[in-house]
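Subject: Structure for you to look at

Dear colleague,

I am handing over the structure below. Please open it alongside these notes.

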2 protein chains.
Amino acid sequence: MDLKPTKPLSGFIELLPVQQRCFDECANRMQQVLKTAGFARLDLPAIERAEVLTDKDNWDEIETQMFMFQKGDTKMGLRYDGTVGLARYVSGHLNDLVFPFRAYQFARNYRGERPQKGRYREFYQMDLDVLGINELSLNYDAEIVAVLARAYESCREFIGGTNIRVGSRPFWNAFFELLGLSKEQSKAVFILIDKKDKLDDFQGALAEEIGDKSIEIIKVFSDGYQSFLKKSVKLYSAISEMDKFMEQLAIMGIKNAKIDLGIMRGHAYYTGLVFEFFLDDFPSLGAIGGGGRYEDLAGKFSKTKIIGVGAAVGFSRVMIALLEDNKIKLDKFESPVMVSVLAMGENTVPFAMSVLSELRGADIVSIPYLDADKKFKNQIEFADKINSKYSIIIGEDEVKYDTVTIKDMTTGKQQNLPLSDAINMLKKAK
Amino acid sequence: MDLKPTKPLSGFIELLPVQQRCFDECANRMQQVLKTAGFARLDLPAIERAEVLTDKDNWDEIETQMFMFQKGDTKMGLRYDGTVGLARYVSGHLNDLVFPFRAYQFARNYRGERPQKGRYREFYQMDLDVLGINELSLNYDAEIVAVLARAYESCREFIGGTNIRVGSRPFWNAFFELLGLSKEQSKAVFILIDKKDKLDDFQGALAEEIGDKSIEIIKVFSDGYQSFLKKSVKLYSAISEMDKFMEQLAIMGIKNAKIDLGIMRGHAYYTGLVFEFFLDDFPSLGAIGGGGRYEDLAGKFSKTKIIGVGAAVGFSRVMIALLEDNKIKLDKFESPVMVSVLAMGENTVPFAMSVLSELRGADIVSIPYLDADKKFKNQIEFADKINSKYSIIIGEDEVKYDTVTIKDMTTGKQQNLPLSDAINMLKKAK
């Protein structure tokens, strides 16, 4: 009989236990920050109706990009981001929630495309949003960036520092209006700015679209945006908004943010400030998270106008890239086990089990070796291989005198003492 | 334009924030118990190759029961349990893992069948297993049951107590041999015992299969298994194994277990002791978890013989049933927010933001209300609706004198004091 394949499908991730512990630690820390900021966790279905996932007119395109299937008459598929489910959920629970409503998701999303390096078919994304009905102060924009900065900061020892770049849709809208660009020209220029760093000749490409007016766009990047403050009322307002936002970030202790009007954040639904986070040590990873303000989250689900500011964190993207390239020191995750309990002979098993029970009752991470007929050598080798910090060795003497022998696996030092003393020692060593 | 549906697909679950917090609390407690028992978390892909999920000869049957799809030439589907992925993963990492290897999964699984009450298409299941290469002491069977009992116990305040029933495959194998049943007869009787409680006339059904020998089977249930101890060497051994197991459970403090030879645990792969957990207060839910020993986890993936003892917990099944029937008091989860920060006027926002920053730095769960032009009445109403325990009110005087006014939302008592004092007070109130 042929054996079945043991590798996961390409584009799917599975980690070794030591890597998983690091992944989980970072996930927990980031989520803890969001909870401290009062974000409620939502755990929405991974499968949605096809009509929820997409508009019917782009069905063919979407079907190749997503995992879609049919049960009975119902077409459905795996979600590709957190926004669509959030829009549906909030629209269905307008009367159950208190607004401004703040929620986060830490969930798997799916892409059906052929996988490439750094692009997965199944990945964790963390989404956080503050949502208001009909209105939501711009002050929340700064707050959400400050929360996200704190979330990344909680993982600094593993992923290093981050820096934030802030762009503005209203600035460019005002600027395009000032230049008198048509709707089509505005759209074309928007796309060019979004791709700026990937273009060989940004100015040339701009000039092709809008001729001499391209010089003004270039000035924004060379001279800075402040020189345009007084060119129009809308520009004044857009620039003031950016400046106020930066001041609020500073008040909340965020020093690693700067205005970069090259940040466009592709999605059509953003209408206000947009922002992206980058890793200080691995800028080549590109934006590792970002978001912005939108004026209409759920127009397709509800007649109530839901305004929001939100962000998405490409959690797997960052963690898997760093783990695969061995950029994260895993020392801290090598030894999750405090003590191995070794039973020297079948007669000692009942005593070993009672010891184990006491250890776990005291919240001490403990693993027994219960193939008790194995030699001491094999058992201590197991304790060593799983990197347990201590071993508790139960022989016939220990059973007889109701004591344990505890061995420090680093120093090799051994001592015989009552279990309660051993537990006190282990609690202190935690 | 027609609005899109806001309800999830039938058979899919989504919770309100207060329910989600309870669900997550129980999930975390149970997982914490497994971590203390040294189980490594595995987070395996939800999508597997079709050939991994199923054998080719039962393809049609499986396709209706699961979510299956095709990308390019590859057929794949959503996993329906944790075992198949575990078998694949362990077979592919024999040299990366230390055996006995202990792992758990807390993951979503999927069933494509038409949903019924209490049966979901997407649900969380917790799987835990101890795996050995070629050998694994029976002592681990008692250990894993003790761990799982402790896991349920950690959620007692929400789900109540549990009781455990223990069955034995070796007992019945030995018994069928003693009775001289054919292979077909043994299989038929096995199935009848498994369905015993659902049959109107158990004895009659047995008699139809095996005639007068049915009386002996009935005796097992009426007279108890101990009376068969000396009937054969194999029975002696099977009964001794059960008795030893029960003694080991008692040593580890498990008092809510009893032998019930009607427990068969359907799956074909079990070869030793089997066990099921039931809720004391909601026996009608049926088995809420269970497992047993198997002699061949991964024969389809590897030539290495992997023996294990494992259990599966129907986590969503229990939690959703109890939450939907309002059997869990949610008081504890109503007020996750310690303090609301209310800004009385746009001029107070910078100060409010600095206060918020300090609160979060001190790990105090805090939500700001930043639509600062709203009246006091609206703002305090928000603090009340989200059930925050305290409010910090920032007005112009607070900004001027660098203090905060803190209001106890339960007593209505208000005091003005420096932020550092307020933080100390809130830390004590946690």
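What follows is a summary of what was found, going from the pair of chains to single elements.

The model is predicted, and the points below should be read with that in mind.

Relation of the two chains

The contact between the chains draws on 75 residues from chain A and 75 residues from chain B. On the side of chain A that touches chain B, the largest share comes from helix 14 (residues 349–361) of chain A, with 6 residues. By class, this side of chain A holds 37 nonpolar, 15 polar and 23 charged residues. Of the interface residues of chain A, 100% are also interface residues in chain B, so the copies meet through the same surface.

Chain A

Chain A has an open sheet of 8 strands with mixed pairing, in the order 1-5-6-11-10-9-7-8. Strand 1 (40–41) and strand 8 (257–259) of chain A are at the edges with a single partner strand each, so one side of each has no neighbour in the sheet. In this chain, strand 7 (residues 162–168) and strand 9 (residues 270–279) pair antiparallel over 7 bridges; N163(A) has F278(A) in strand 9 as its bridge partner. Helix 4 (residues 83–92) of chain A packs on the sheet and touches strand 5 (101–110), strand 6 (122–133) and strand 11 (306–313) of chain A. The direction of helix 4 makes about 40° with that of strand 6 of chain A.

Chain B

Helix 1 (residues 17–36) and helix 12 (residues 315–324) of chain B have axes that come within 11 Å and cross at roughly 145°. The crossing of helix 1 and helix 12 of chain B is right-handed. From helix 1 of chain B, Q19(B), C22(B), F23(B), C26(B) and A27(B) meet F315(B), M319(B) and L323(B) of helix 12 of chain B. The residues of this contact are 7 nonpolar, 1 polar and no charged.

Strand 4 (residues 74–78) of chain B runs antiparallel to strand 2 (residues 47–49) of chain B, joined by 3 bridges, and R49(B) stands opposite M76(B). Strand 4 of chain B is also antiparallel to strand 3 (residues 68–71) of chain B, with 4 bridges, and here M68(B) stands opposite G77(B). The hairpin of strand 3 and strand 4 of chain B has 2 residues between the strands, and G72(B) takes a positive phi near 60°.

Chain B also has an open sheet of 5 strands in the order 13-12-14-15-16, with mixed pairing. Its edge strands are strand 13 (366–369) and strand 16 (414–417) of chain B, each pairing on one side only. The twist averages 25° from one strand to the next. Strand 15 (residues 404–408) of chain B is joined antiparallel to strand 16 of chain B by 4 bridges, with K407(B) opposite Q414(B). Helix 14 (residues 376–385) of chain B packs on this sheet, touching strand 12 (339–343), strand 13 and strand 14 (390–394) of chain B. The direction of helix 14 of chain B makes about 165° with that of strand 12 of chain B.

Regards

Conventions. Residues numbered from 1 in each chain as written. Chains lettered and ligands numbered in written order. Predicted model: local features only at pLDDT ≥ 70, side-chain atom pairs only at ≥ 80, totals over all residues. Contact = placed C-beta atoms within 7 Å. Nonpolar A, V, L, I, M, F, W, Y, C, P; charged D, E, K, R; others polar. Axes fitted to C-alpha atoms, helices over the stretch in contact; angles between N-to-C directions. Left-handed = near helix turned anticlockwise from the far one by under 90°. Pairing = 2+ DSSP bridges.
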